[in-house]
Amino acid sequence: MLHRLLGLLGYDLAIDLGTANTLVSVVGEGLVVNEPSIVAVAEGTSRILSGGCAIGHLAKQMQGRTPQSIEVVRPLGDGVIRDFELCEAMLRYFMRKAHRPGLARPRVLVAVPGGITPVERRAVFNSTQRAGAREVLVVPEAKAAAIGSGLPIAEPVASMICDIGGGTTEVAVLSLGEIVASQSVRTAGDAMDRALVDYLRRHYNLRVGTSEAERLRIEIGSAYPLEQELVGEVRGVDAIGRLPRKATITSEEVRESLAEPLGRIVEAIKHTLDRCSTDLVSDLADNGLVLAGGGALLPGLDRWLSEQTGLPTRLCGDPLTAVARGTHVCLEHFDRWRGALRSGDEDL
Ligand code: ADP
Ligand code: MG
């Protein structure tokens, strides 16, 4: 009885714990946190700077401009938790920003990558609970992205989603509320940036940081030839002379550098299709593939994937918030979506 009463007085938080960005929304209010998943620490330690507040936007401002004694790190990388302690501190910080005083502790739904191991899921569960959750539930990111994109996943027709984030790409085919086939690959925005860094070193003898590569990719990158090809400038350090140098690079070159990671995303889509029945695949020929996640904003990706896979492909509205919207919907209509969610410590 007391438990139920506390439940009534509590609030619900939906969390998209992404490798690049963390989004938190309060049910009944909307999005309250949308910040980079990064933390600034004293070098070689886990001590978070600015009295524990150098997290998210604040840490981002420090990135690339830090003295030797400061390290800006991402607690999540390639879709896995790289640093458990910092991940928990970050979650705690963001959950505190969403804290609603006077109410009981929140029920929290966290979207997690499909390829997460039981140990990692346990870590997310423990961290969220220690950060103040009353109850922790998890939902696969791909399912949340599909719901957030407005796909009719509860119906007896196949829907396909491809969520391209920073660390992982989550591909899934869903029908009747369940994931029928899925694949999670550790190739997404970060892998594109690493490929561009490699390209600049090989072709221009230029050493460039990944955030500079990301800037260039967002500025002139594309997956499909542009009507008007572009030129961009990149700043780095000469690999031989070790002095600062700039280079001018074309959008064709950036596209060439992205061919390999983009190829791996196509493979993940094809592999997922291979595991579906012909009935489902023929549904998809009509309903197509929907793209979500920040990585999906690469210009021409929809057109290119459509050519590569033979599926009509489109971007969902506001791809960066699709997972957050989906998790929010699950909590808002909890009774309807309860079956799609799992307790965070289930099967462990
Ligand atoms: P995650 O779920 O892993 O936190 P997000 O869905 O937030 O990832 O997407 C982050 C990725 O989106 C980054 O690799 C970033 O470079 C990329 N991104 C963000 N905006 C754009 C854009 N306008 N064009 C291309 N890529 C973008
Ligand atoms: Mg994501």
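Tutor: Two strands are said to pair if DSSP finds at least two bridges between them; strands (E, at least two residues) and helices (H or I, at least four) are DSSP runs, numbered from the N terminus. The model is predicted, with local features needing pLDDT of at least 70 and side-chain atom pairs counting only at pLDDT 80 or more, while totals for chains, interfaces and linings use all residues. Residues are numbered from 1 along each chain as its sequence is written, chains are lettered from A and ligands numbered from 1 in the order written, and side-chain values use heavy atoms, with hydrogens and water left out.

Five strands form an open sheet in the order 12-11-10-16-17, and their pairing is mixed. Its edges are strand 12 (178-185) and strand 17 (313-315), each of which pairs on one side only. With direction ignored, neighbouring strands of this sheet are turned by 20° against each other on average; axes here are lines fitted to C-alpha atoms, for helices over the stretch in contact, and other angles run from 0 to 180 degrees between N-to-C directions. Within strand 17, Leu 315 is the residue opposite Leu 291. Helix 11 (residues 301-309) packs on this sheet, in contact (heavy atoms within 4.5 Å) with strand 10 (159-164), strand 16 and strand 17. The direction of helix 11 makes about 160° with that of strand 17.

A further open sheet has 3 strands in the order 13-14-15, and here the pairing is antiparallel. Strand 13 (206-207) and strand 15 (244-250) are its edges, each pairing on one side only. Strand 13 runs antiparallel to strand 14 (residues 231-238), with 2 bridges between them; Arg 207 has Val 237 of strand 14 as its bridge partner. Helix 8 (residues 210-220) lies across strand 14 and strand 15, at about 170° to strand 14.

Finally, the ligand. Around ligand 1 there are 17 residues (a heavy atom within 4 Å), and those that come nearest are Thr 19, Ala 20, Asn 21, Glu 214 and Arg 217. Polar contacts are pairs of N or O atoms within 3.5 Å; within protein, one must be able to donate a hydrogen and the other to accept it, and residues adjacent in sequence count only if both atoms are side-chain atoms. A polar side-chain atom of Glu 214 is 2.5 Å from an oxygen atom of ligand 1, and a side-chain N or O atom of Arg 217 is 2.6 Å from an oxygen atom of ligand 1. Gly 294 contributes through its backbone, with an N or O atom 2.9 Å from an oxygen atom of ligand 1.
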